[in-house]
Amino acid sequence: MSETEMSPDGRDKVQKKPVRLIAAVCNDMGIGKDGKLPWNLPSEFQYFLNTVKRVSRPGKMNMMVWGKLCWYSLPKTTFPMANILHVVLSTTLDTVPDHAHFLCQDFESAVRLAAQPPLADLIETIWIVGGTQVYKDALKHPWCDLVYLTDVMADFDCDVFFPEFDRALFKEQEGFPDVPSGIQEENGIKYKFQVFKKEMGDAV
Ligand SMILES: NC(=O)c1ccc[n+]([C@@H]2O[C@H](COP(=O)([O-])OP(=O)(O)OC[C@H]3O[C@@H](n4cnc5c(N)ncnc54)[C@H](OP(=O)(O)O)[C@@H]3O)[C@@H](O)[C@H]2O)c1
């Protein structure tokens, strides 16, 4: 997916990029509590890092799009991340947060940044890493093709949730490349990696 086309609003020529969501959700689709992850699953977190930094060849990069609270929730020892340009979304910040590369005021501006010069020839994938509103915007975006969703098979008290999405439109995949299959277990918690792919049809 890297052909040139008009932007979704029909204003400019852009290089279309895959928009992909990645999240871990527990039984009730909870993703966070008190600004943090509700669980401690280091191998799951490593899978997340490995997935978002994967590029097809040296010299290419991916973009990660973060809500402001998600951005500040990560320990700064996580940065820098190889092969990644970070965009933080906020309507109230006026400077780019430390370790991030760009600040955008809305979701579409972040997508345009990746799809237009000077970054268009560099960026391969736009990874959406939450929170809730950012996931909602991404699920509606016409370039959204995959949802990487780890099913954490346990109950956790959460105050932030992954949005509902149409599982007739996004179909669960079997044996997806680079995604370990089967039940994983860490710290006594079972989980499994899942990928949902949007059936493009004529709608996109
Ligand atoms: N389990 C997982 O995989 C996972 C993944 C992601 C997050 N989380 C958890 O989720 C929680 C954080 O998520 P959250 O939903 O509460 O917050 P968030 O999306 O990270 O941050 C919310 C703030 O980000 C800005 N923002 C979000 N969407 C925007 C948009 N479309 N345009 C412009 N600005 C936007 C706004 O900042 P302004 O108010 O400055 O405008 C908004 O107040 C944490 O607990 C985190 O650990 C878990």
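The model is predicted: local features need pLDDT of at least 70, side-chain atom pairs count only at pLDDT 80 or more, and totals for chains, interfaces and linings use all residues. Residues are numbered from 1 along each chain as its sequence is written, and side-chain values use heavy atoms, with hydrogens and water left out.

**Exercise 1. The surroundings of the ligand**

Task: Describe the shell of residues around the ligand by its nearest members, its classes and its elements.

Solution. 

Step 1. A residue is near a molecule if one of its heavy atoms lies within 4 Å of it. The ligand has 28 residues around it, and those that come nearest are Ala24, Cys70, Ser90, Thr91 and Thr92.

Step 2. Sorted by class, the shell holds twelve nonpolar, eleven polar and five charged residues. Here Ala, Val, Leu, Ile, Met, Phe, Trp, Tyr, Cys and Pro count as nonpolar, Asp, Glu, Lys and Arg as charged, and the others, Gly among them, as polar.

Step 3. Helices (H or I, at least four residues) and strands (E, at least two) are DSSP runs, numbered from the N terminus. Two or more residues of the shell come from each of β3 (19-25), β4 (30-32), α2 (68-73) and α4 (132-140). Helix α4 gives the most, with five residues.

**Exercise 2. Polar contacts and cover**

Solution. 

Step 1. A polar contact is a pair of N or O atoms within 3.5 Å; within protein, one must be able to donate a hydrogen and the other to accept it, and residues adjacent in sequence count only if both atoms are side-chain atoms.

Step 2. Asp137 uses a polar side-chain atom, which lies 2.8 Å from a nitrogen atom of the ligand. Leu69 uses a backbone N or O atom, 3.1 Å from a ligand oxygen.

**Exercise 3. Helix α3**

Task: Which residues of helix α3 are buried, and which residue caps its N-terminal end?

Solution. 

Step 1. Buried means under 20% relative accessible area, exposed over 50%, and partly exposed in between (1.4 Å probe, protein chains only).

Step 2. In α3 (residues 107-115), the buried residues are Phe107, Ala110, Val111, Arg112, Ala114 and Ala115. An α-helix has 3.6 residues a turn, so residues three or four places apart point the same way.

Step 3. The cap is Asp106, with a side-chain oxygen 3.3 Å from the backbone nitrogen of Glu108.

Step 4. Ala115 counts as buried because its relative accessible area is 2%.

**Exercise 4. Backbone exceptions**

Task: Where are the cis peptide bonds, and where are the positive phi values in residues other than glycine?

Solution. 

Step 1. Most residues other than glycine have a negative phi, and most peptide bonds are trans.

Step 2. Pro117 and Pro118 are joined by a cis peptide bond with omega of about 5 degrees; Pro118 belongs to the loop between α3 and β8 (123-128). The bond from Gly130 to Gly131 is also cis, with omega near 5 degrees, and Gly131 is in the loop between β8 and α4.

Step 3. Asp178 has a positive phi of about 65 degrees and sits in the loop between β11 (170-172) and β12 (184-186). Asn187 has a phi near 50 degrees and is placed in the loop between β12 and β13 (189-198).

**Exercise 5. Buried or exposed?**

Task: Classify Val147, Ile123, Asn187 and Pro177 as buried or exposed.

Solution. 

Step 1. Val147, in strand β9 (residues 144-152), is buried because its relative accessible area is 0%. Ile123, in strand β8, is buried because its value is 2%.

Step 2. Asn187 is exposed because its relative accessibility is 54%. Pro177, in the loop between β11 and β12, is exposed because its relative accessibility is 55%.

Step 3. Ile123 and Lys17 are 106 residues apart in sequence and 7.9 Å apart in space, C-alpha to C-alpha. For Pro177 and Ile189, the separation is twelve residues in sequence and 24 Å in space, C-alpha to C-alpha.
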